[in-house]
Amino acid sequence: MRPRFPVAIAASTGACALALGVAAPAMAAPSAEQETAMVSVVHGIPGMTVDVYANGDELLAGFEPGTVTEPQSLTAGSYDIQIFEAGQGPDGKPALEKTVEVGEGDAATIAAHLSADGKPQLTAFADDVSKVDAGKGRLTVRHIAAAPAVDVRAGGQPVFTGLTNPNGDSAVVDAGTVDADVVLAGTDTVAIGPAEVNVAEGAGTVVYAWGSAEDKNLALATQKFSGMDSMPKGVHAGGGGAAVSANSTTWTPGWAAAGGAVAVAGVLAARRFAGKRG
Amino acid sequence: MTVAVLVAVTAVVLGVLGWARGPQRAGSPSDFGAAPSATAAGDAGRPSGTAPPPSAAEPAAVRQAVPARVLVPGVGLDARVEGVGVTPRGDMTVPDDPAVAGWYRYGPAPGSPEGSAVLVGHLDGETGDLGEFAALRDVRAGDTVEVRRDGAEPVLHRVTARSTVPKDELPASAFRRTGPPVLTLITCAPPFQPERGGYTANLVVTAEPVDDPQAP
């Protein structure tokens with residue numbers, strides 16, 4: 001079942017301070033941006049469908065293990081996050097509870113997951129959504145599984161090593177598809193995978209290792225953040241100079257001569273141009 | 001800023017001279033229209049999450065129709081298009097063959113509902129031949145730009161602006177991935193300074209989609 005995050009937020013507008021226009025591009029307005037944070041939720045506890053509450057209001061209902069919500073805008077502030085087994089909230093005893101502070105402009109992901117020794121817990125990760133160079137993507141891995149330290153390999157080569165629960169690591173890499181697997185740290189013993197991971201250009205790709213080694217249900221979940229793209233450094237679309245006179249500041253005369261005064265204006269512009277650059 | 005002023009002055013001169021668009025397209029290249037603004041770089045401040053739905057919706061977007069050919073009949077430009085990315089140095093890749101145009105495949109495709117679809121082509125080759133995109137020097141406001149696509153109807157655009165900018169001042173808005181849809185055609189422009197590696201300016205032509213392909 002798909003998380004009802006947007007719906008739930010819209011419904012709770014009157015009850016609390018949670019909501020601002022969800023997913024509205026207008027969020028880019030500086031004032032709104034300063035007051036809000038982008039929050040995602042990942043569920044990595046096997047076998048338990050949950051409802052998620054924030055400050056007593058339902059955020060997500062029927063949230064299935066292995067799913068990740070899209071980033072949502074929340075007013076910056078302090079949130080009492082409660083995780084209930086589906087249908088048990090909000091008056092019952094939460095399975096998990098944690099107060100999470102999200103500051104203005106923050107991007108964060110709240111993970112409900114198992115600790116290394118298999119106990120359910122909540123962890124808040126800071127999401128790096130800063131720009132990457134053209135042609136690149138940011139690949140992040142997070143260990144939220146009941147499992148010992150692991151290495152993450154791409155194409156058989158360790159990229160992230162010695163990763164422990166509940167920690168992550170990140171690198172900016174060439175965009176494209178990588179063949180990834182997770183091995184027990186320092187070994188070739190494959191714990192998860194191999195799996196194809198698409199590192200999108202100008203975006204963040206976060207891969208979670210979740211589940212339990214003991215219960216043999218380790219798996220990967222993937223989260224995406226867009227809008228980190230940068231323009232290329234330059235566009236060099238010239239060759240040997242056939243389109244201009246030798247060492248010229250303007251187009252080949254044959255092209256420009258017919259323009260009269262217009263051509264003169266163009267030449268002046270070009271000369272000023274050259275002068276400015278010099 | 002100086003450039004912008006000069007462009008404006010040039011435009012005034014053109015107006016005073018009552019320069020009309022001639023059938024032979026005589027006349028020198030002059031910039032026109034509103035240059036791509038630097039403001040779209042403001043996307044930079046956008047929290048990532050407010051972008052179009054990040055992951056789940058992506059497969060549909062990825063299957064956008066790929067451009068195959070670009071034509072500007074008014075200036076005789078007709079080039080095959082291939083997808084390009086960036087070089088190891090981080091510059092946009094430009095097809096070696098000056099007869100071929102490159103589409104920046106990391107950005108929107110022509111016909112996308114949002115953002116600037118970028119096509120690039122060499123102004124001239126290393127062996128003395130002119131590139132197809134050399135014809136852009138002669139475009140006029142209102143010229144039709146047709147992009148034929150694999151597996152989809154062609155999309156038509158009308159040229160709205162042409163600007164010449166130093167290469168290191170190419171506006172980020174030319175590569176924006178959100179905002180109103182435009183087609184951006186880029187090549188090189190004089191000054192040509194071999195000691196500085198050749199051309200030191202970019203010619204940027206902006207065209208907006210035509211809502212009604214049947215319109216004259």
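I began with the domain contact in chain A: 19 residues of domain 1 touch 22 residues of domain 2, where contact asks for C-beta atoms, placed from the backbone, within 7 Å. Domain 1 covers 1-127 and domain 2 covers 129-232; such bounds come from an automatic or database domain assignment.

A note on what I am reading: this is a predicted model, in which local features need pLDDT of at least 70 and side-chain atom pairs count only at pLDDT 80 or more, while totals for chains, interfaces and linings use all residues. Residues are numbered from 1 along each chain as its sequence is written, and chains are lettered from A and ligands numbered from 1 in the order in which they are written.

**Entry 1: the domain 1 side**

Which elements of chain A give two or more residues to the side of domain 1 that touches domain 2? I found strand 1 (36-44), strand 7 (107-114) and strand 8 (120-126). Strand 7 of chain A gives the largest share, 5 residues. By class, I noted 9 nonpolar, 8 polar and 2 charged residues on that side. For the classes, Ala, Val, Leu, Ile, Met, Phe, Trp, Tyr, Cys and Pro are nonpolar, Asp, Glu, Lys and Arg are charged, and the others, Gly among them, are polar.

**Entry 2: chain A as a whole**

I see 4 helices and 16 strands in chain A; these are DSSP runs numbered from the N terminus, helices being H or I of at least four residues and strands E of at least two.

I then looked up A:V129, in the loop between strand 8 and strand 9 (136-146) of chain A. Buried or exposed, I wondered about A:V129? A:V129 is buried because 23 other C-beta atoms lie within 10 Å. From A:V129 to A:G202 is 73 residues in sequence and 10.0 Å in space, C-alpha to C-alpha.

**Entry 3: an open sheet in chain A**

Here 4 strands form an open, antiparallel sheet in the order 3-2-5-6; strands pair if DSSP finds at least two bridges between them. Strand 3 (57-63) and strand 6 (96-102) of chain A are the edges, each pairing on one side only. Inside this sheet I followed strand 2 (residues 50-54) and strand 5 (residues 77-85) of chain A, joined by 5 bridges. One of the partners I checked: A:Y53 bridges to A:Q82 in strand 5 of chain A.

**Entry 4: chain B**

Chain B reads α-α-β-β-β-β-β-β-β-β along the sequence. Its 8 strands make a closed barrel, 1-2-3-4-7-8-6-5, with mixed pairing. Where is a parallel pair, I asked, and over how many bridges? Strand 4 (residues 116-121) and strand 7 (residues 182-193) of chain B pair that way over 5 bridges. In strand 7 of chain B, B:T184 is the bridge partner of B:V118.

**Entry 5: confidence**

The mean pLDDT (the predictor's confidence in each residue, from 0 to 100) of chain B is 80, and 71% of its residues reach 70 or more. Residues 1-24 of chain B fall below 50, with 20 contacts beyond near neighbours in sequence. Residues 39-62 of chain B are also below 50, with 55 such contacts. Where pLDDT is low, predicted coordinates should not be read in detail. For the model I jotted down ipTM 0.77 and pTM 0.77.

Terms used: Contact = placed C-beta atoms within 7 Å. Buried ≥ 20, exposed ≤ 12 C-beta atoms within 10 Å, placed from the backbone.
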